[in-house]
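Please take a moment with the model before reading on.

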Amino acid sequence: MQKTSSINSSAVLADAAILSQEELKPGFFRLVLSAPELARRCQPGQFVQVRVSDGVAPLLPRPISIHGFDGEQGTLSLLYHVAGQGTGKLSRLAVGESLKIWGPLGNGWIMPENLTGGSKNLVSDSEVSDSQNFVGGSEKIPTDAPVDADKILPLFVAGGIGVAPLPPLAKAWRDLGAEAILLYGARSADQIVTADEFTAMGVDVRIATEDGSEGVTGRVTELLKDLNTGDKLPLLYVCGPKPMLKAVAQLADDQGWLCQVSLEERMCCGLGACLSCVCKTKTGDEKVGGKGWTHAKVCTDGPVFWSREVVWNG
Amino acid sequence: MQKTSSINSSAVLADAAILSQEELKPGFFRLVLSAPELARRCQPGQFVQVRVSDGVAPLLPRPISIHGFDGEQGTLSLLYHVAGQGTGKLSRLAVGESLKIWGPLGNGWIMPENLTGGSKNLVSDSEVSDSQNFVGGSEKIPTDAPVDADKILPLFVAGGIGVAPLPPLAKAWRDLGAEAILLYGARSADQIVTADEFTAMGVDVRIATEDGSEGVTGRVTELLKDLNTGDKLPLLYVCGPKPMLKAVAQLADDQGWLCQVSLEERMCCGLGACLSCVCKTKTGDEKVGGKGWTHAKVCTDGPVFWSREVVWNG
Amino acid sequence: MGNLNLQVNLGGLAMKNPVTTASGTFGFGLEFAPFIDLNRLGAIVVKGTTLEPREGNPTPRMAETPAGMLNAIGLQNPGVEAFIRDYLPPLRQIDTPVIVNLSGNSVEDYGRLASILDGADGVAALEVNISCPNVKQGGIQFGTLPASAAAVTRAVRENTQKPVIVKLSPNVTDITEMARAVVDAGADALALINTLLGMDIDIRTRRPVLANIFGGLSGPAVKPVALRMIYQVYKAVNVPILGMGGIMNGQDAIAFMLAGATAIAVGTANFTNPRATLDILDGIEEYCDREGVRDVNELIGAAH
Amino acid sequence: MGNLNLQVNLGGLAMKNPVTTASGTFGFGLEFAPFIDLNRLGAIVVKGTTLEPREGNPTPRMAETPAGMLNAIGLQNPGVEAFIRDYLPPLRQIDTPVIVNLSGNSVEDYGRLASILDGADGVAALEVNISCPNVKQGGIQFGTLPASAAAVTRAVRENTQKPVIVKLSPNVTDITEMARAVVDAGADALALINTLLGMDIDIRTRRPVLANIFGGLSGPAVKPVALRMIYQVYKAVNVPILGMGGIMNGQDAIAFMLAGATAIAVGTANFTNPRATLDILDGIEEYCDREGVRDVNELIGAAH
Ligand SMILES: Cc1cc2nc3c(=O)[nH]c(=O)nc-3n(C[C@H](O)[C@H](O)[C@H](O)COP(=O)(O)OP(=O)(O)OC[C@H]3O[C@@H](n4cnc5c(N)ncnc54)[C@H](O)[C@@H]3O)c2cc1C
Ligand SMILES: Cc1cc2nc3c(=O)[nH]c(=O)nc-3n(C[C@H](O)[C@H](O)[C@H](O)COP(=O)(O)OP(=O)(O)OC[C@H]3O[C@@H](n4cnc5c(N)ncnc54)[C@H](O)[C@@H]3O)c2cc1C
Ligand SMILES: Cc1cc2nc3c(=O)[nH]c(=O)nc-3n(C[C@H](O)[C@H](O)[C@H](O)COP(=O)(O)O)c2cc1C
Ligand SMILES: Cc1cc2nc3c(=O)[nH]c(=O)nc-3n(C[C@H](O)[C@H](O)[C@H](O)COP(=O)(O)O)c2cc1C
Ligand code: FES
Ligand code: FES
């Protein structure tokens with residue numbers, strides 16, 4: 001059977017009206033859209049495809065994480081950084097104009113409710129070798145023992161615009177009363193956005209900037225060293241550029257912490273159809289003559305993977 | 001020597017700010033631009049190239065007639081009808097935005113001051129056979145006898161949006177105190193624009209609509225029949241769709257009237273460089289073994305030609 | 001519109017309308033089920049299938065270009081056995097014929113694939129992708145030599161009763177020569193065009209953008225080339241054509257039919273709008289309605 | 001920027017910088033004088049010239065396409081004698097080498113054109129357009145058969161002392177085969193790409209848009225194909241390349257040089273911006289400045 005997990009069965013196409021567009025810091029924008037049907041279906045960590053033109057420039061949609069959603073209000077918010085033609089054009093759209101977007105797409109972060117109880121949520125390290133079921137990471141936990149949400153220290157780790165998909169997740173942990181930490185690294189203070197909104201949710205926000213203009217001087221990995229985790233097991237939720245993901249995943253692995261990463265790849269469809277967005281994930285089948293890896297689709301098998309699923313040196 | 005008449009030596013490239021954009025009738029727009037250097041150089045009947053995007057959609061500039069210019073104010077106005085992608089995009093631009101335009105391009109209408117006196121302005125029918133000098137029509141008059149401006153009845157003939165390049169010409173004749181007539185044909189009343197501005201200049205405006213919703217029912221040629229020209233020689237200035245130009249030119253020819261037409265062709269450069277915009281003009285060299293016609297460039301040899309230069313059945 | 005006939009016949013494959021999907025851009029079909037009713041399509045052409053599973057090329061596998069895109073997926077697919085086992089059963093639930101696109105390293109590969117798929121219930125026709133490197137001939141594409149294209153066509157023809165559609169590569173000097181070669185070898189229909197070979201360079205890194213260096217260009221940018229080749233091939237051979245290459249809307253689809261296509265495939269447009277196929281079908285109907293066309297078959301080749 | 005070397009050598013033609021114009025898009029040069037200082041260009045390639053004057057094709061001769069355009073001018077030009085008499089003298093006043101693009105109906109035509117132009121003062125090099133139908137061979141293009149392309153090249157080579165640049169057609173299966181054939185026949189440099197053969201159809205009239213039916217596709221749409229061919233040819237032969245095909249800005253020009261071009265030509269971009277050539281030159285300088293490039297020659301082929 002075709003893996004149904006890799007079909008975005010709840011995705012919808014929407015003509016989303018722009019409710020607000022705000023430049024938070026130079027080049028960093030928050031866009032709020034009206035898309036009731038879509039907003040109702042979102043899970044933290046999912047993304048949408050955004051078509052910024054109705055012509056050929058640019059031709060392809062841009063994948064953007066869901067920064068916030070409100071099923072009751074029917075709204076969706078996106079946080080983005082102007083990187084080129086597409087995001088540049090997006091930033092020049094005004095309230096009242098509308099955009100074609102589709103989603104929610106992909107598998108999001110593992111949510112607290114999926115950590116407790118039920119054996120289906122628990123996976124031992126040895127099961128990593130099951131290539132058939134491994135991909136589509138957020139449903140299984142690669143630890144040796146069951147974990148309950150109240151034994152977990154949620155640790156959000158953001159590099160730059162990687163902060164975008166974290167707020168809905170932080171909200172979910174806040175609703176459980178969990179103490180959570182955001183480690184947020186950026187080039188400089190003028191690239192730090194929405195940090196106060198995490199603070200407002202009770203998240204302990206710690207900042208590192210490369211030029212030292214805010215918080216600790218250095219990269220986000222600095223903040224991970226000598227972290228006091230108390231008697232809890234840290235669960236890292238990491239989003240940022242690939243080298244940062246890799247460094248954080250390495251650190252987490254060394255410490256035996258749980259770690260999820262949200263990957264990025266160039267995408268066409270976002271639907272699992274075109275196979276442009278693949279990443280190498282482990283199959284564990286070396287022992288049975290396999291090559292030990294396969295190409296998973298970032299768009300539908302991810303974008304969130306357990307860090308230990310990912311082949312980092314490939 | 002390369003014909004210097006086919007180089008737009010006075011053309012300039014301008015970043016023209018939009019001063020106003022007004023929808024006169026559904027789909028008919030008047031755009032006023034700030035382009036001081038360019039405005040100073042315009043002659044009635046010339047056109048500009050307008051680049052409506054800075055990307056690839058559309059890729060090529062659009063040729064639009066100069067509807068008005070004011071050298072002192074440094075402004076230029078364009079009158080256009082939304083025909084497709086390019087003019088559609090143009091119509092959505094707002095005050096404060098700017099456009100790349102270049103011009104003035106081409107040879108405009110014959111002006112009253114070029115009609116009187118000096119032998120250089122006078123050409124006899126027999127000279128039509130001079131292929132070297134014939135092209136670039138507005139400087140010579142294909143009649144048997146010299147004509148003075150005060151013996152002329154200026155007759156503006158517009159088909160639809162063909163009214164666009166006529167106001168600066170009407171102004172020039174008004175400044176001479178000439179009695180002028182505008183014959184204006186359109187599909188229906190809601191495609192008649194700026195007629196009152198001609199009236200305000202003292203022009204006798206006569207309208208024909210195909211559906212009879214304004215003026216005479218029928219085509220603009222209806223208005224030409226039984227026209228009382230008094231003791232004057234009509235000089236027709238015609239702009240509109242090709243079949244209409246042809247019909248009017250035929251009528252004028254039959255009557256022995258003077259007639260200039262403004263032609264349209266698909267253009268790339270507008271500068272005489274690419275040769276996409278050609279039309280067949282007469283060389284009169286059949287008798288000496290030639291084929292009797294050549295390909296002239298609408299952009300630099302025209303867009304205004306004497307109707308008798310043009311090969312209408314080619 | 002009730003009176004409009006949309007049915008066409010693509011070399012023996014009866015289709016309820018001319019709209020199909022371009023292989024590799026529509027996955028195995030179900031990926032688009034959240035957005036469109038797959039039953040409304042004329043046919044579904046699925047991702048290119050090979051004898052063995054393939055992991056394809058390293059990333060980046062795609063790059064956007066002016067009005068187009070480059071891809072170098074490298075035929076990642078689960079292999080024909082897994083296709084028949086895992087992907088075909090749900091497709092059989094849909095009331096739309098499924099066309100399987102096949103690729104191989106050798107003439108024998110194509111023959112074996114054809115015979116395996118000939119026995120598969122739910123496969124309506126085979127589309128033979130000849131833009132694949134011929135391993136035995138040192139990587140030269142089957143699709144660029146008339147003789148090898150004909151050999152591949154014959155191998156497929158001899159191993160199946162199903163309609164054989166041969167998909168031509170546009171990277172050739174004379175597309176009509178290729179068309180004649182494969183029609184003579186038994187093709188029931190032709191599909192064109194596959195992608196134009198292209199590349200892009202990152203001026204910051206000073207390296208090719210795609211890990212594979214070269215990739216296939218598709219999208220609106222290639223439309224004029226596609227229309228030209230279809231127009232030429234329509235004149236040259238007497239089998240129906242499945243036209244594709246940059247079709248974005250109903251108007252484009254009509255232009256392809258006027259050039260000579262009996263049916264059309266929607267490729268890159270699926271990425272720009274997941275409802276593209278049905279929007280295009282609606283656009284075709286609107287055009288026929290407006291222009292008084294009672295049967296889409298009237299349009300085929302009408303620009304000649 | 002004062003230290004930046006922009007000089008390049010295109011098969012014996014010394015140029016003060018790599019920016020030239022694509023034949024047929026820049027007229028005879030003076031048309032652009034109101035907008036740019038022609039003295040700043042690396043070279044000017046003028047409109048295709050033939051032995052006799054030609055009136056070219058009927059209109060419409062051009063159509064816009066997604067990110068590109070089709071043209072079917074049909075080589076309208078005043079003929080080589082009128083070119084030398086009327087157009088060359090003012091060009092001699094400009095301190096920029098003039099490259100004349102030539103086209104013929106037969107191998108002999110090319111030879112005669114070359115010998116006439118060889119004697120013309122102010123002609124710095126010849127660019128041989130081999131994308132012309134060979135009347136003697138029933139209209140097949142010289143540019144699609146290695147043997148006829150070589151014959152044309154040889155005819156030109158034997159009749160001139162000036163650098164011979166052969167301009168290749170992209171409408172071939174194997175561009176490297178063509179490149180090798182003309183280099184072996186004596187080409188000092190290669191120019192690529194000429195236009196891709198394409199067409200468009202008007203769905204209202206149901207007729208081809210161009211009076212000539214087919215036309216040549218140029219502009220950003222073809223850029224990925226141009227880059228690919230230049231990359232391939234750079235690897236295959238050892239003569240300098242004049243690269244073109246959709247160059248719109250300095251970044252595009254840099255990509256072409258990285259792919260292997262020694263100089264670049266600006267074509268369709270001249271229509272979108274009459275200052276395109278100099279804006280591109282400025283863009284090349286800015287890139288070099290920003291990236292610490294001291295000599296543009298460092299960039300040539302650096303993506304390999
Ligand atoms: C699942 C996912 C979620 C994302 N979420 C966000 C977000 O919330 N906020 C945000 O600012 N950015 C996000 N990105 C990155 C964003 O998609 C790119 O910055 C954007 O596509 C760049 O487009 P552009 O036209 O502005 O830049 P260009 O450089 O002009 O893009 C050119 C091409 O490259 C592709 N591309 C370039 N960079 C990337 C990239 N990093 N990932 C994928 N494709 C890329 C584009 O799709 C496009 O086809 C996300 C990417 C993915 C894959
Ligand atoms: C000298 C000249 C002066 C003109 N003056 C005016 C004017 O004052 N007001 C006005 O409304 N229109 C004028 N036109 C016509 C105007 O240029 C076209 O309507 C416009 O280019 C259509 O562009 P589009 O993108 O909206 O339509 P599309 O149909 O999308 O255009 C597609 C392509 O065809 C070309 N094209 C289409 N129609 C024409 C045409 N009639 N003439 C030339 N090229 C065409 C365009 O340049 C473009 O490349 C003039 C044309 C010429 C040649
Ligand atoms: C991402 C992608 C993958 C493709 N994979 C295949 C394939 O597996 N087999 C094949 O024959 N064609 C493949 N193609 C080519 C398309 O089927 C089609 O021929 C081409 O894209 C032109 O159509 P378009 O411009 O509408 O996309 C692929 C195209 C794209 C964009
Ligand atoms: C209107 C037009 C006319 C052209 N005429 C010629 C020509 O006479 N000779 C020639 O070799 N190439 C001719 N070309 C091809 C260009 O020189 C160039 O190779 C091609 O347009 C690709 O470059 P571009 O995409 O930058 O325009 C012409 C192109 C255009 C657009
Ligand atoms: S983007 Fe198409 S499969 Fe992931
Ligand atoms: S538009 Fe280029 S010559 Fe007239």
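Helices, taken as H or I runs of at least four residues, and strands, taken as E runs of at least two, are DSSP runs numbered from the N terminus. The model is predicted, and every value that follows should be read with that in mind.

Several polar atoms of chain B approach ligand 2. A nitrogen atom of the ligand is 2.9 Å from an N or O atom in the side chain of B:Ser65, while the backbone contributes through B:His81, a polar atom of which is 2.9 Å from an oxygen atom of ligand 2. B:Gly84 likewise has a polar backbone atom 2.9 Å from an oxygen atom of ligand 2. Taken alone, ligand 2 exposes 830 Å², and the protein buries 83% of that area.

The strand that chain D brings to this site also belongs to a hairpin. β5(D) pairs with strand β6 (residues 68–71) of chain D in the antiparallel sense over 4 bridges, and within this pairing D:Ala63 stands opposite D:Leu70 in β6(D). The hairpin formed by β5(D) and β6(D) has 2 residues between its strands, and D:Ala67 in the turn has a positive phi of about 55°.

In the record, UniProt places the feature "domain: Dihydroorotate dehydrogenase catalytic" (unreviewed entry) at residues 6–286 of chain C. The end C-alpha atoms of this span lie 12 Å apart, and the span is 31% helix and 22% strand.

In general, the strands of a sheet pair through backbone hydrogen bonds, either parallel or antiparallel. Chain C has an open sheet of 8 strands with parallel pairing, in the order β3-β16-β15-β10-β9-β8-β7-β4. Because β3 (19–21) and β4 (44–49) of chain C stand at the edges, each with a single partner strand, one side of each is left without a neighbour in the sheet. On average, and with direction ignored, neighbouring strands of this sheet are turned by 25° against each other. As one example of the pairing, strand β9 (residues 164–167) of chain C runs parallel to strand β10 (residues 189–192) of chain C, the two being joined by 3 bridges; there, C:Ile165 has C:Ala189 in β10(C) as its bridge partner.

Which residues are the closest to ligand 3? Of the 22 residues that surround this ligand, they are C:Ser23, C:Lys167, C:Gly219, C:Gly246 and C:Thr268. By class, the shell around ligand 3 divides into 5 nonpolar, 15 polar and 2 charged residues. Oxygen atoms of ligand 3 lie 3.4 Å from a backbone N or O atom of C:Gly48, 3.2 Å from a polar side-chain atom of C:Asn129 and 2.8 Å from a polar backbone atom of C:Gly219. The protein covers 97% of the 600 Å² of accessible area that ligand 3 has on its own. The elements giving two or more residues to this shell are β4 and β6 (68–71) of chain C, and β4 of chain C is also one of the edge strands of the sheet described above.

Methods. Residues numbered from 1 in each chain as written. Chains lettered and ligands numbered in written order. Predicted model: local features only at pLDDT ≥ 70, side-chain atom pairs only at ≥ 80, totals over all residues. Heavy atoms only, no water. Polar contact = N/O pair within 3.5 Å; in protein donor to acceptor, adjacent residues only side chain to side chain. Areas by Shrake-Rupley, 256 points an atom, 1.4 Å probe, with all protein chains shown as cover. Pairing = 2+ DSSP bridges. Axes fitted to C-alpha atoms, helices over the stretch in contact; angles between N-to-C directions. Near = heavy atom within 4 Å. Nonpolar A, V, L, I, M, F, W, Y, C, P; charged D, E, K, R; others polar. UniProt positions renumbered as here; feature names shortened; annotations may be inferred.
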